[in-house]
Amino acid sequence: MVTTSTSASDPEKRLNRKPRVVVTRRLGPSVEDRMSELFDVRTNASDMPLTRDQLLEAMQDCDVLVPTVTDRIDGEMISQAGENLGLIANFGAGTEHIDLDAAARAKIMVTNTPGVFTDDTADLTMAGIIGVPRRIREGVQLIRSGEWTGWAPTAMLGRKLGGKTLGIVGMGRIGQAVAHRARAFGLEIAYHNRKRLPEAIERMFAASWVEDLDDLVAQADILTLHCPATPGNHHLIDERRLSLMKQGASLINTARGDLVDQEALIAALESGHLAGAGLDVYPDEPNVDERLIRHPNVMTLPHIGSATREGREDSGHKVIANIRMWADGHRPPDQVLSGLG
């Protein structure tokens, strides 16, 4: 009998057959065609998120599960997985939807696809950083409604970017890519991170470290979020922190919806305390609160931060590489370590 399970500390021997792979969402023709050549693949033709029961059924009948951020895989599901499930090869960098500790206890390896969406997400973040202070959404609506009466010296006044402070919460790959772009627009960069960056990196972005998040929130003219959705970060930006933000400041979130207390955000927008927000993620996707949609200066986007053809293809090919390395008995390049690891 061939053993297919692997652990973070002890990758097992080669799998001497095509691994049976279940892919939970459509990944694009080039990726799916290559997977079909290499693996025994079952795809989700409907491209609708699988139910919990469907996910569990898949986990009981495969060697490799390829989930996405729409798939919640908890400890109970992992404990009921089939004995052949040895790898969860996640499509995407975030792994907060997977119980990593439970996977480690079950000796199921988890991989992800870091780095491929950095520039794409940073580009979309800049759309919000520019678009919200300049009231782009409101201007588009004015044209589409037919209500625009022409140019006037005091019409549609927004706020300039140059000289304003961009507060970056989470200065990892994406946060740094945003800082790089923002400097070209004359923004002053301040950031909060669990650990201070090396001085050379701070000099590269002319970035100032702010140790206390409350202080950063109070300094920022525009606050942008680029941190993971861990339990400790749930509602990281809550009513209290929103109240600390400057009158007329903007909030940009292309990370995860749970980072922001949505009710508190809506209250801050409706009171006029915040001038606007740029949102690509929501706590109850795909549902978007109607009050956000109605607000004239809230850019509501449908979670498209990583939605480029190039990025999605690169992510899919990283998944393939991780599966091939695992099936050959080697440690995949993008293994994710749990707290138990």
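Keep in mind that the model is predicted.

Strand β10, residues 249-253, pairs with β11, residues 274-279. The sense is parallel, over 5 bridges. I252 stands opposite G278 in β11.

Strand β7 brings me to H192. This residue belongs to β7, residues 188-192. Is H192 buried or exposed? H192 is buried, because its relative accessible area is 18% and the cut-off for buried is under 20%. What does its side chain reach? The H192 side chain comes to 3.1 Å from the backbone oxygen of V210.

Next, the aromatics. The count is 1 aromatic pair. The ring centres of F91 and F117 are 6.4 Å apart, with the planes at 65 degrees, so this pair is edge-to-face. F91 is in the loop between β4 (87-89) and α4 (100-105), and F117 is in the loop between β5 (109-111) and α5 (118-131), so the pair ties together parts 26 residues apart in sequence. Both phenylalanines, F91 and F117, are buried.

Last, the charges. The count is 22 salt bridges. In one of them, D40 meets R20 at 3.4 Å, N to O. D40 lies in strand β2 (residues 40-42) and R20 in strand β1 (residues 20-23), so parts 20 residues apart in sequence are tied together. Both ends are partly exposed: D40 at 36% and R20 at 24%.

D123 and R181 also form a salt bridge, at 2.7 Å, N to O. D123 sits in helix α5 and R181 in helix α7, so this bridge links parts 58 residues apart in sequence. D123 is partly exposed, at 43% relative accessibility.

Then there is R291 with D289, at 2.9 Å between the closest N and O atoms. R291 is partly exposed at 26%, whereas D289 is buried at 19%. Finally, shared partners join R20, D40, R42 and D61 into one salt-bridge network.

Notes:
Residues numbered from 1 in each chain as written. Predicted model: local features only at pLDDT ≥ 70, side-chain atom pairs only at ≥ 80, totals over all residues. Heavy atoms only, no water. Helix = DSSP H or I, 4+ residues; strand = E, 2+ residues; numbered from the N terminus. Buried < 20%, exposed > 50% of the residue type's maximum accessible area, 1.4 Å probe, protein only. Polar contact = N/O pair within 3.5 Å; in protein donor to acceptor, adjacent residues only side chain to side chain. Pairing = 2+ DSSP bridges. Phe/Tyr/Trp six-rings, centres within 6.5 Å; stacked < 30°, edge-to-face > 60°. Salt bridge = Lys/Arg side-chain N within 4 Å of Asp/Glu carboxyl O.
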